[in-house]
Every structure is written in structure tokens, then in C-alpha cells.
Amino acid sequence: MLEHWKRENATVAMAWGTSHFEEHEMDRPQFIGEPKKSFIDGSDMIWSSPKDRYARRVFSRRSLAGLLSLICGVVASIYVLKFELSAPIGSYASVVASVINTMQITLFNMLYQVFDDVRSRI
């Protein structure tokens, strides 16, 4: 059974072109770390400390949570505006709310793209 699995694994790896991919694997250009010797074989590698990775994750998660709460607040205020405008302008309140909603979607899309660029550089 084990020998069959090894043959099958080798066959699929050759067919997909993934045999010995570790030898050719390159680090991502966005990866930030410091050069260090490998603990296993002594070769050069780029290493990032767990403290730095944790700090990046915390920054990313807090920023995304802040953006998400801001979006929820804006969407809720659009619904309140629609409700408040329904009496004075009638059926046009839906049109006004739709236009404002379209603007906030476009604005937050641009804001998220800027945030993603900044986050990827950290």
C-alpha cells in the first residue's frame, strides 16, 4: 500500500511539474526579513522573527476591523438618511440613498486599495 502511494505520488508530481520544486522555489519579492543561516543545513535564508510577524498581523487585523466598522457605520447612516428623507421628498429618497451608496462603495474601494498597498509594504 505504501509503495503504491509513493509511486502514485511520484507520477502525479512529474505530471504536474512539482517534483523537486523546493530546489527552485524563490522567496516572494514582498517578503521582508533579515539574512540568516539555516538551522537545518547552514545555507543562507531570509528569516522573519515571530514578533515581527505577529506585529504585522495585529496591525492588519486592527486596520481591517476599523475599516469594516467604518463601512457598517456609513451604510447604517445611509439607511437612516433614507428613512429621514422619505417624508420630505417621497420616493426620491431611494434614489438619493442609492447614489450615496454608490459613492461610498467607490470611495471605500479606493481607500482599501491604498490600505492594501501600504499593508503590503510593511
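The expected span of a helix is 1.5 Å times one less than its number of residues. Helices are DSSP runs of H or I with at least four residues, and strands are E runs of at least two, numbered from the N terminus.

Good morning. The model before you is predicted, with pLDDT of at least 70 required for local features and 80 or more for side-chain atom pairs, while totals for chains, interfaces and linings use all residues. Residues are numbered from 1 along each chain as its sequence is written, and side-chain values use heavy atoms, leaving out hydrogens and water.

I begin with helix α3. Its 40 residues should span 58 Å at 1.5 Å a residue, and the end C-alpha atoms lie 57 Å apart, which agrees. Gly 90 follows α3 and has a positive phi, near 70 degrees.

Next comes helix α4, residues 92-121. How do α3 and α4 pack? Their angle is about 170 degrees and their axes are 9 Å apart; axes are lines fitted to C-alpha atoms over the stretch in contact, with angles from 0 to 180 degrees between N-to-C directions. The two helices are therefore roughly antiparallel, a term for angles over 145 degrees.

In α4, the buried residues include Phe 108 and Phe 115, and their cover includes α3.

How values were computed. Parallel < 35°, antiparallel > 145°, perpendicular 65-115°, else oblique. Buried < 20%, exposed > 50% of the residue type's maximum accessible area, 1.4 Å probe, protein only. Contact = heavy atoms within 4.5 Å.
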